[in-house]
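Here are my notes on this one, as numbered points. Have the model open while you go through them.

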Amino acid sequence: MAEGNAVRNLREEATCAVCLDFFRRPVMLLACGHNFCHACVARCAQKGGGAASCPQCRLPFPRGAFRPNRQLANVVAAVRELVAEEQDLGLPAASRAGGAHGERRAHLEDRQEPTPSSSAPQEHLGPPPKNPQEDEGAAAPLTPPGGGDGGQQALLARVEAERQKLLAVLGGLRGLVGQQESRLLARLGHLRRGLEEAKGRQAGGDRWDCSITPSRSTERRPRPLELEAELEDFSQKNNALAAVVERLKDVLACSLEEDLGGYQKASVTLDPATAHPQILVSPDGRSARRCKTPRDPLPGSSERFEALRCVLGRQGFAEGRHRWAVEVPPGPDWALGVAREFVPRKGCYGLSPARGVWAVGQWLGQLRALTWPSPTCLPLARVPKRIEVALDYGGGRVAFRDADSEAEIFAFPPAAFAGERLRPLLWLGEGPALLTFCP
């Protein structure tokens, strides 16, 4: 019953109060915040002659004082799809208006066995159950814990129920957002009208008293301090709403990242055996800094960078999507990114994809992408404090973004890694830079 009530409520929210049908090109009146079909508003304006009024609250509004409500249009589209799917399933009117969930499940189970006279689509219910006597020599198939075809039918019905619940929840969320938008815009419109009237009275020599006007004998003129206080209250609520939306975005982003096989957070440590003699790696392997004099003595290693002040990460990636963040200093020169497993260690060359390195860095206070044949200057207002590296090995993509604001910094064109492992890379310039991998 609750599911039916939700559908009925959503359908009412998607219905125009004038034509009593689904909204078509819905628009919102700026004066009061009520929503109607564009054609219905136009007809009401024509009937009213020179003055038009809201069909619901009778509040006058100027011609053209409305705007398209795209959020409501999205809600209407979702409700239309929901109603159409229920009709495709052949549910009776009582079930669509508020039938029990058990009735819907029973109806789905009844529809599983096709009859010769049935012409309804069956794809979404899966193939019909096979008769075990058709192939006596075949091994018995594995069945879910529910037991046989009955268990499969119950799972199918549950999947459909979860789908309907998701549509109802998201549709209700879209409707709630649309309602809140209408109310908040109407409140801002009220504040704007009050300030404009106050400005007009001030220009006419009014001293902002609380006298009563002849045209509005029961309406009190708002004082400027009252309007300012109301605007401040609105601003605080607006900031609180923005914070809630950001938290919701974070929750949804994490959920979608997991569901869609998104980037996995990698724990990166540095390999001291690859570090240039002037690079010191911290004992935990998470930080690197430049020392003025080379370390002595150094164990011989064919993996060590001799000319370029670079160091590689221990971890190598040959598949999947991975991300990690590096805390960067505000001053000295540095670079970070990924490099091929067998990037040259002995020569002195420019870091670029042509040499098997995909990186961004800071040089002389300017953030740059180390592209080929020359670096690309990145016009950022400031250098981020933490930069995240995103590696999509299968897609051949390496991208960078601000780990705090999540704004994209630079994305290299797709490359062919040819099965070779990629490892995190750091480069330290002339200053006493300290690069640290974030936990």
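**Notes on the predicted model**

1. Helices (H or I, at least four residues) and strands (E, at least two) are DSSP runs, numbered from the N terminus, and two strands pair if DSSP finds at least two bridges between them. Strand S1 (residues 26–29) and S5 run antiparallel and are joined by three bridges, and Val27 has Pro68 in S5 as its bridge partner.

2. A word on the ground rules. This is a predicted model, in which local features need pLDDT of at least 70 and side-chain atom pairs count only at pLDDT 80 or more, while totals for chains, interfaces and linings use all residues. Residues are numbered from 1 along each chain as its sequence is written, and side-chain values use heavy atoms, with hydrogens and water left out.

3. On to the cores. A nonpolar core here is a set of buried Ala, Val, Leu, Ile, Met, Phe, Trp, Tyr and Cys residues joined through side-chain atoms within 4.5 Å; buried means under 20% relative accessible area, exposed over 50%, and partly exposed in between (1.4 Å probe, protein chains only). The largest has 36 residues, and those touching the most other members are Val311, Trp324, Val326, Leu336, Val398, Phe400 and Leu426. Another core, of 26 residues, lies apart from it and includes Val27, Ala31, Phe36 and Val79.

4. Leu426 deserves a click. Leaving out residues up to four places away in sequence, Leu426 is in contact (heavy atoms within 4.5 Å) with Leu270, Ala288, Arg309, Cys310, Val311, Val326, Ala335, Leu336, Leu435 and Phe437.

5. Now the hairpin of S16 and S17. These two strands pair in the antiparallel sense over three bridges, with Phe400 opposite Phe410 in S17. Which residue takes a positive phi in this hairpin? It is Glu406, near 65 degrees, in a hairpin with five residues between the strands. Glu406 is partly exposed, at 48% relative accessible area.

6. There are two other backbone spots to check. Leu364, in the loop between strand S12 (357–363) and S13, has a positive phi of about 55 degrees although it is not a glycine. Leu364 is exposed, at 67% relative accessibility. Further on, Trp372 and Pro373 are joined by a cis peptide bond with omega about 10 degrees, and Pro373 sits in the loop between strand S13 (366–369) and strand S14 (376–377). For context, most residues other than glycine have a negative phi, and most peptide bonds are trans.

7. Aromatics next. Rings of Phe, Tyr and Trp (its six-membered ring) pair if their centres lie within 6.5 Å; planes under 30 degrees apart count as stacked, over 60 as edge-to-face and the rest as tilted. That rule gives six aromatic pairs. One of them is Trp363 with Trp427, tilted because the planes are at 45 degrees, with ring centres 6.3 Å apart. Trp363 is in strand S12 and Trp427 in strand S18 (residues 422–428), so this pair ties together parts 64 residues apart in sequence. Trp363 is partly exposed at 38%, whereas Trp427 is buried at 15%.

8. Tyr393 and Phe417 make a tilted pair, 5.1 Å centre to centre with 45 degrees between the planes. Tyr393 is in the loop between strand S15 (386–392) and S16, and Phe417 in the loop between S17 and S18, so the pair ties together parts 24 residues apart in sequence. Tyr393 is buried at 10% relative accessibility, as is Phe417 at 3%. Together with Trp358, Tyr393 and Phe417 form one aromatic cluster.

9. Last, a charge over a ring (NZ of Lys or CZ of Arg within 6 Å of the ring centre and within 35 degrees of the ring normal). Arg321 lies over the face of Tyr263, 5.7 Å from the ring centre.
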